[in-house]
Amino acid sequence: MQRVNLSAVSEFVLVGLSDAPEIRLLLFVLFLLIYLATMASNITLLTAISTDSHLHSPMYFFLGNLSLLDLLCPTITVPKMLGALLLEHKEISFSGCLFQHFSLIAVVGTEIFLLAVMAYDRYVAVCHPLRYSSIVSMKLCAQLTLGTWATGLLNSLLHTSLVFTLSFCGPNRIQQYYCDFPPMLALSCSSTYSTELVILVVAGVLGSGACVVTVVSYICILLEILARKSPGIWHKAFSTCGSHLAVVCLFYGTTICTYVRPSSTYSPHWDRVVSMLYGMLTPLLNPIIYSLRNKEVKCALKRVISQVRRAL
């Protein structure tokens, strides 16, 4: 088989979820409803945070950025998947695949760092409540948020430049419903050892750093709770940190299963299922978790809904 370079490939074929005509329409309707629900819930939460003065605080500033990321994540992959299910249009151009890959890794990386920043914010809220407004100022919030987006974009730029300069021997069928790097590495006929090594090292350093910040923040919160021994402290701490902790567990669980492993363990069918959990269910559940666990958010959402009803 003749060896060709990836730059000569004009398009790729996304295998997608199913070729069975009898279930394609069912899957299309199901995922369209999930996507619309994800868009509606995150847009509603963003609207509540931006319009309600009660939510103009650092915690909700970070939450607004999380909702924005949860809007971007499914929008990068789901419309193309829906088109493949309904119209059987599975081809994606080289530039489209590159852009999709870059955008998705940027969103994933930014969300990892943002969750670490939010963990630090919860640590200050629980352990230093009287100094919270002076420590976590809006200027610091803006700087931390800008740093998370910049780091996520730079990390994605490195990943994309490494993956899309590999050589391929012809097969262009990506065993996934979007352009992700594990199936891209599986297609390469050149050695991917150095690429995987660099990606794992960089992702390991950045990801473990964010994870350490998150874990240390919650260890300090736990130690503070044990040291105080005041009545109701557990309930207060859980009401402050419960939503974020649930989102962290959901995010890290699906992300680790998807990305933190060598390509030799790549399984197309398993990866599609896990990718669904990360790419569609997590962005849907995040605003629901914060809405159910937070009285201020629920009150703000009620005010937004009532304003929309009056406008209609």
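How many salt bridges does a search of the whole structure find? The search finds two, a salt bridge being a side-chain nitrogen of Lys or Arg within 4 Å of a carboxyl oxygen of Asp or Glu. This is a predicted model, in which local features need pLDDT of at least 70 and side-chain atom pairs count only at pLDDT 80 or more, while totals for chains, interfaces and linings use all residues. Residues are numbered from 1 along each chain as its sequence is written, and side-chain values use heavy atoms, with hydrogens and water left out.

**Overall make-up**

The chain holds ten helices and five strands; helices (H or I, at least four residues) and strands (E, at least two) are DSSP runs numbered from the N terminus. Of the 312 residues in the chain, 48% are buried. Here buried means under 20% relative accessible area, exposed over 50%, and partly exposed in between (1.4 Å probe, protein chains only). The accessible surface of the chain is about 15100 Å², and carbon and sulfur atoms account for 71% of that surface; areas come from the Shrake-Rupley method with a 1.4 Å probe, and for residues only the protein chains shown count as cover.

Side chains of opposite charge can pair when their charged atoms come close. In one of the two salt bridges, R303 pairs with D52, the closest N and O atoms being 2.6 Å apart. This pair links distant parts of the chain: R303 is in helix α10 (residues 295-311), D52 is in the loop between α1 (21-51) and α2 (58-87), and 251 residues separate them. D121 and R122 also meet in a salt bridge, at 2.7 Å from N to O.

| Residue | Relative accessible area | Class |
|---|---|---|
| R303 | 33% | partly exposed |
| D52 | 8% | buried |
| D121 | 2% | buried |
| R122 | 7% | buried |

**Cysteines**

A disulfide is a covalent bond between the sulfur atoms of two cysteines. The structure has one disulfide, counted when a pair of cysteine sulfur atoms lies within 2.5 Å. C97 and C179 form this bond, with their sulfur atoms 2.0 Å apart. The torsion about the S-S bond is about -125°, so the disulfide is left-handed. C97 lies in helix α3 (residues 94-127) and C179 in the loop between β5 (173-174) and α6 (181-187), 82 residues apart. Both C97 and C179 are buried. C220 is in no disulfide, and the nearest cysteine sulfur, that of C127, is 6.2 Å away. C220 is partly exposed at 29% relative accessibility, and C299 is partly exposed at 40%.

**Annotated spans and the nonpolar patch**

The unreviewed UniProt entry annotates seven spans as "transmembrane region", including residues 25-48 and 197-225; such annotations may be inferred rather than shown by experiment. Residues 25-48 are 100% helix and 0% strand, with end C-alpha atoms 34 Å apart. Residues 197-225 are also 100% helix and 0% strand, and their end C-alpha atoms lie 41 Å apart.

V215, I219, L222, L223, L226 and W234 form a nonpolar surface patch with about 580 Å² of accessible area together. Patches are made of residues with over 30% relative accessible area and no salt bridge, like charges being joined within 9 Å and nonpolar side chains (Val, Leu, Ile, Met, Phe, Trp, Tyr) within 5 Å. Helix α7 (residues 193-228) gives the most to the patch, with five residues. L226, in helix α7, is partly exposed at 45% relative accessibility.

**A buried asparagine**

N286 is in helix α9 (residues 268-293) and is buried, with a relative accessible area of 1%. Apart from neighbours within four places in sequence, N286 is in contact (heavy atoms within 4.5 Å) with L66, D70, E111, V247 and L250.
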